Amino acid sequence: MSETAAGQRIDLWLWHARFFKTRSLATTIVSKGRMRITANGTTRRVTKPATLLRIGDTLTFLRNDRVARITILALADRRGSAVEAQALYTALDDETADAR
């Protein structure tokens, strides 16, 4: 089974979706426990960058001193343009949409 079929590493997805400028920065934020994931109705703090993210999961984290809540719409094979990145998720809060 490919990584895309099972899910995608959270640090890699955050970098592909352009929430963080570098993958290492995304890895650091996740490792510090500053990320929560809601999957199948259960919310948990994520501390491992290798945690798999799946379509339909919800992420909550700080971005630009604001709480960002997003739902995963698609997984990415590469880091594309900003337009491609925005197609990977939907913002659940107005604040997240403003931060784009």
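Of the 100 residues in the protein chain, 38% count as buried, meaning a relative accessible area under 20%, with exposed set at over 50%, partly exposed in between, and a 1.4 Å probe applied to protein chains only. The model is predicted: local features need pLDDT of at least 70, side-chain atom pairs count only at pLDDT 80 or more, and totals for chains, interfaces and linings use all residues. Residues are numbered from 1 along each chain as its sequence is written, and side-chain values use heavy atoms, with hydrogens and water left out.

The protein chain contains five helices and seven strands; helices (H or I, at least four residues) and strands (E, at least two) are DSSP runs, numbered from the N terminus. Read from the N terminus on, the elements follow the order α-β-α-α-β-β-β-β-β-α-β-α.

Five strands form an open sheet in the order 3-2-5-6-7, with antiparallel pairing, where two strands pair if DSSP finds at least two bridges between them. Its edges are strand 3 (42–46) and strand 7 (89–91), each of which pairs on one side only. From one strand to the next, the twist averages 30°, based on axes that are lines fitted to C-alpha atoms, for helices over the stretch in contact, with angles from 0 to 180 degrees between N-to-C directions.

Within this sheet, strand 2 (residues 35–39) and strand 5 (residues 58–63) run antiparallel and are joined by four bridges. Here methionine 35 stands opposite phenylalanine 61 in strand 5.

For the chain as a whole, 43% of the contacts with a separation of 6 or more involve residues 24 or more positions apart, a contact being heavy atoms within 4.5 Å.
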